[in-house]
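Colleague: Please put the model up, and then let us go through some of its side-chain contacts.

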Amino acid sequence: MGMNENIGMLMAQVSRLIRRAFDEKARTIGVTRPQWQVLTLLDLHEGINQGGLAEVLEVEPITLGRMIDRLQDAALVERRPDPADRRAWRLYLTDKARELLKQLQPLAVAMIDASLEGVSAEDRNAMTQGLQRMRANLTRRSPDPA
């Protein structure tokens with residue numbers, strides 16, 4: 001493997017290309033990739049507070065606050081008071097957001113399928129396991145057994 005083909009550089013290039021491809025697809029539906037990411041994570045962690053979601057996204061709470069403001073203005077996210085903390089808000093998807101996610105999901109699947117064209121199931125599995133191990137090493141957590 002030459003200097004230009006190290007695994008870190010390849011992962012960065014592929015990641016950038018996937019982000020670019022998704023941005024192009026998502027734009028046709030009227031959402032940005034960061035918005036899609038917030039909506040997807042909210043779908044998985046509905047009712048999370050803004051601070052917790054900022055941690056998951058690895059962004060500053062003020063940055064997430066602005067994103068949530070825009071999503072709320074677009075009627076995609078709803079803030080509800082946290083019963084345990086009067087200063088905090090819990091975040092929930094609206095029905096409009098759920099419909100949007102239904103439209104985005106096939107785009108994401110098609111994009112990933114296209115990017116993996118010609119890669120065998122065995123190689124996909126090995127790649128997934130390798131990336132899970134790398135993530136675990138970098139986050140000091142054990143990989144998912146699945």
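What follows is a set of questions and answers on a predicted model.

Colleague: Where does Gln50 lie, and is Gln50 buried or exposed?
Modeller: Gln50 is found in helix H3, which covers residues 50-57. The cut-off for buried is under 20% relative accessible area. Gln50 has a relative accessible area of 18%, so Gln50 is buried.

Colleague: Which side chain makes a polar contact with that of Gln50?
Modeller: Beyond its neighbours within four places in sequence, Gln50 is in contact with Leu64, Gly65, Ile68, Arg79, Trp89 and Leu91. A polar contact of 2.6 Å joins the side chain of Gln50 to that of Arg79.

Colleague: What covers the buried residues of H3?
Modeller: The buried residues in H3 are Gln50, Gly52, Leu53, Ala54 and Leu57. Their cover includes helix H2 (33-44), helix H4 (61-73), strand S1 (77-82) and strand S2 (85-93).

Colleague: Which residue follows H3, and what is its phi?
Modeller: At the start of H3, a side-chain oxygen of Asn49 comes to within 3.2 Å of the backbone nitrogen of Gly51. After H3 comes Glu58, with a positive phi near 60°.

Colleague: With which residue does Arg79 form a salt bridge, and at what N to O distance?
Modeller: Arg79 is buried, with a relative accessible area of 18%. Asp69, at 36% relative accessibility, counts as partly exposed. The side chains of Arg79 and Asp69 meet in a salt bridge, N to O 2.9 Å. Arg79 lies in strand S1 and Asp69 in helix H4, so the pair ties together parts that are 10 residues apart in sequence.

Colleague: How many salt bridges does the structure hold, and which residues are linked in a network?
Modeller: Side chains of opposite charge can pair when their charged atoms come close. The structure holds eight salt bridges. The network of salt bridges links Asp43, Glu46 and Arg98.

Colleague: Which helices does the salt bridge between Arg33 and Asp23 link?
Modeller: The side chains of Arg33 and Asp23 meet at 3.1 Å, N to O. The two residues are 10 apart, and the pair links distant parts of the chain: Arg33 in helix H2 and Asp23 in helix H1.

Colleague: What is the geometry of the aromatic pair of Phe22 and Trp36?
Modeller: The count comes to one aromatic pair. Phe22 and Trp36 lie 4.4 Å apart, centre to centre, with 40° between the planes, and the pair is tilted.

Colleague: Which parts of the chain does that pair link, and is Phe22 buried or exposed?
Modeller: Phe22 is in helix H1 (residues 7-29) and Trp36 in helix H2, 14 residues apart. Trp36 is partly exposed, with a relative accessible area of 21%. Phe22 has 2% relative accessibility, so Phe22 counts as buried.

Colleague: Which backbone nitrogen does the side chain of Ser120 reach?
Modeller: Ser120 lies in the loop between helix H5 (95-115) and helix H6 (121-139). Ser120 is partly exposed, with a relative accessible area of 35%. At 3.0 Å, its side chain reaches the backbone nitrogen of Asp123.

Note on methods
Residues numbered from 1 in each chain as written. Predicted model: local features only at pLDDT ≥ 70, side-chain atom pairs only at ≥ 80, totals over all residues. Heavy atoms only, no water. Helix = DSSP H or I, 4+ residues; strand = E, 2+ residues; numbered from the N terminus. Buried < 20%, exposed > 50% of the residue type's maximum accessible area, 1.4 Å probe, protein only. Polar contact = N/O pair within 3.5 Å; in protein donor to acceptor, adjacent residues only side chain to side chain. Contact = heavy atoms within 4.5 Å. Phe/Tyr/Trp six-rings, centres within 6.5 Å; stacked < 30°, edge-to-face > 60°. Salt bridge = Lys/Arg side-chain N within 4 Å of Asp/Glu carboxyl O.
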